[in-house]
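The following exercises concern the packing of one protein structure. Please inspect the sequence and the structure before reading each solution.

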Amino acid sequence: MAKEFEGHCHPARCIGRKVGGGNAAIARAWVGCWKPPPGDDSYQNKPDNKTSDVRKESMKPMSIHPIDRRSILQTIAALAVTAAAYIAPANVIAADRPVLNVDHHSRIDSSLSATEPIPSKPVTYEEGRLSNGIIVVAFDEDGAFSIHDAETTEALLSNSRFGLPRGKPGKVVKMYAKDVEDALGVGKQVVLEVADFNDLGYWGRPGRIYANRIYTYTLYENNPALVCGFGLKLPSYISFRLGEATPLAGGRLFGGKEVKQPMTLNGSAGMDRTLVTPGLNRRSPNSLMLTGLVDSKRRTAVWGGLGNEAFGKFTVLKDGSPTFYAHDPIGRLVDEEETYIAADTFYMDVYTRDPFEALERYGRAMRIANNASPNVYDFPVLCGWSVSHISNLPNVNNSAKLIGELEHANKCGLTKYTKVSLRLEPDKYHRDTEQGWWDDAHMREFNHLVEPYESIAKWSKGMSSMSGIPYIYMQLGMPSDDFVRKYPQYMLFNDGSEVDRTTPEWVPNRNKRQKHPHHQPYVTYDYTDREFSKHFVKAWSKLREDGIRGVKVDYPATAWRPEGGFDDRYATTNSAYRRAFALLREAFGKDGLIDERNLGESSRPCLDVTAGLVDTQRTWGDSNNYSPGMVSISGLRWYKNRTVFNYYPDTKAVHGISPEIRRSLLTMIFLTSGRIDLSTSFSLFTPEITHDFSRIYPHYREPKTARPLDAFTGVTDPQVYDLELTPDWHQIALYNTSDEKTEVSTAISGQRVDNAIGLDPTGHYHAYEFWSDTYLGKLPGTARLSHELEPNHCAMISVRKVLDHPQVLSTNRHVLQGWVELKEVRWDPESRTLSGTASVIGGEPFQIAVANNGGEPLKLEANVGQTELEPHPVDGLNRLTLSTAVNTDVKWKLKYRITE
């Protein structure tokens, strides 16, 4: 259906009219310079108070929101951090706290608390100097700025400035400061208005009002990072598409001194490899980190994208000089007389020295800026497609067979430990498919819904009745041919005429050409189209109402459209892509599970633009294998994993491999990912597989993940991962990523960047390995923790500071050895009793290893079930066993005699 635009179209600005029909070539020349006639608000998807789309809420930027300001600040204040919890290391519970495990909500809050808050003052601006008592940002009249340490005056970044296209200098015509208060906190912002002559004006017209680019630089209280933004201010005679902005272009880091042993870490997304590499030159989407030695002292810089709305973020390190810029292929239309300030922002921290701390602060900044809170996947997801196509097992990708898989999950006993999710994948790719319709009728037509579960509602009800979680699948930008023919106005450019276009290349081993490239159809949806948005939300709301809990969004690259053709004339390539997920979030609600399959296909960038909207990003192509590189790609994104996104490396097979490899797979994916997907049929779960698999459930709920401690020591794939549960309790995974049997180790004390846990060198620590149920000894803080391992094997070791009373060391129930399966663990010095509550699985003895620490255990009691107290093979330790017939929480207590 063609849409004609008449009236209010400035002839000097209108390059072409957006038309329907088959003339896609003319349509693609349109640049959105029209204005709708009076009273026609059907295209006003502009994200402001004039938006008429009934779904304007989903159009709002999901970045640095001022919304719910009070509740946000109250929450953060309660965490002992003003404004931004990301400024603190991710320690969980205070060292003197007697409770080893409390309810998960309290632990989530505590995980954002600061151990040593950075001294700060109210943010001030005087004579070109912006300061918060941590850093000082000094501005020159030409817009150049430098960052200094407020206390030592040391130069951290010198002679940096904004950048204009083609290296033009630009002229600062106005500089001023203003107060800010948003989700990141309270602060001040310096605003530069810059005349971009030759692009948006020219010299020689006295009194003329020019178009000005805008750059903003903000400091917040208690925050060592500079937050940068950009925009455009237009006069009454021009509209303009803002396609690129560079708030920070170059500068000298750390006074221009030599950075020795420089290492960088890229902050890419999707399947783009995450690597630490040496040198002072690098490019990356999203962010970069540089660390090295300056005058023999550790220095680190982290810079990259923060808030997300309409632009991709990109970072550069050139000869040691940092740059970040925003870019979009279409650009954001700014109207005449409009002052547009993008919700897209950037982050620069040159103050924090430790690379782990610096990156974790950045990750928490992203979490707050994008209102991100990815749902916890406290269950595995079995993929109906992957079981047959990846693991070459019998096909189970229809509603009845997936119910059969759920029956196998119950039969093997897995559902005693966790619910399981099964994903139905209506995955036909060409010609007429389910895509676009997303309804029962079309899923029945292509045999994904079959009797007796011939509707999503029936299938979901059957799943839910047997501890199953219904999951489904969609292709983000691959519409069914018959859907295109019926609704061409829902497509980009309002044009479906190329639906029958075929590829020019012959596909090997086939007798016909494909309808279109598998990953990039010639016709796709316009997610900014008002009527299509209504249809989309209605269809997916129906699926949610019918019981679907989560959705895998396949081929996301098909919706990142650099050619444009959007109904919303203010849309950019990135905002339209982000809107697709915003609509899905609107339909699914806050607790719906949304997966963004691996980015990086079809020349599309690997961006974090969906932060705050999706729960999961996939990091690998279709594969059920397990390898060190697969672990590293998300392991090196630890500062964003569970904080901004859950990462996972596609489905995994847990059958047909050795017990040692299986346990390694489960441990390392548990530690470096937010979820695990399966390509193994539950019918193949032996008692041994069920036992091992159940050791990673339930998942912990804290928004943090394990640090790769040896990442900056020159290894390609880290071998030491540290999940800090409290300052005195760390879960350490030692993982042999080499091809030979070798000893993997880490220092208990020392600098983390040098492969050390960073614990007290004067203390002593109990070490207990989970899978072998082995006590490794009471180690001095000056010792190294080590384990000899075969290739691709791992050890999971609980390291706890030795206390002056009896303490828990480990359990046989979970790889976190007491963190999720024990709670309210306390030592009462008056009654000389160690007590707690254990989540016991019916029919499985729950064993707890305790260190007596000089005490003599006398009697074990529990409120339910049977108990047994027996010596451990190691002197000074005992083993407690709790047994019940059904799943239940058991309150236990162990009485001691203490010899003074």
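**Exercise 1: Nonpolar cores**

Task: State which residues have the most contacts inside the largest nonpolar core.

Solution. The largest nonpolar core comprises 143 residues, and those with the most contacts inside it are Met474, Tyr527 and Trp540. Such a core is a set of buried Ala, Val, Leu, Ile, Met, Phe, Trp, Tyr and Cys residues joined through side-chain atoms within 4.5 Å, where buried means under 20% relative accessible area (1.4 Å probe, protein chains only). Apart from it lies another core of 49 residues, including Phe230 and Trp303.

This is a predicted model, in which local features need pLDDT of at least 70 and side-chain atom pairs count only at pLDDT 80 or more, while totals for chains, interfaces and linings use all residues. Residues are numbered from 1 along each chain as its sequence is written, and side-chain values use heavy atoms, without hydrogens and water.

**Exercise 2: Two helices**

Task: Describe how helix α7 packs with helix α9.

Solution. Helices are DSSP runs (H or I, at least four residues), numbered from the N terminus. Helices α7 (residues 399–411) and α9 (residues 456–464) pack at about 5°, their axes being 10 Å apart; axes are lines fitted to C-alpha atoms over the stretch in contact, and angles run from 0 to 180 degrees between N-to-C directions. Therefore α7 is roughly parallel to α9 (angles under 35 degrees). Next, Ser399, Leu402, Ile403 and Leu406 in α7 meet Trp459, Gly462 and Met463 in α9, contact meaning heavy atoms within 4.5 Å.

Technical notes
Angles under 35 degrees count as roughly parallel, over 145 as roughly antiparallel, 65 to 115 as roughly perpendicular and the rest as oblique. Buried means under 20% relative accessible area, exposed over 50%, partly exposed in between (1.4 Å probe, protein chains only).
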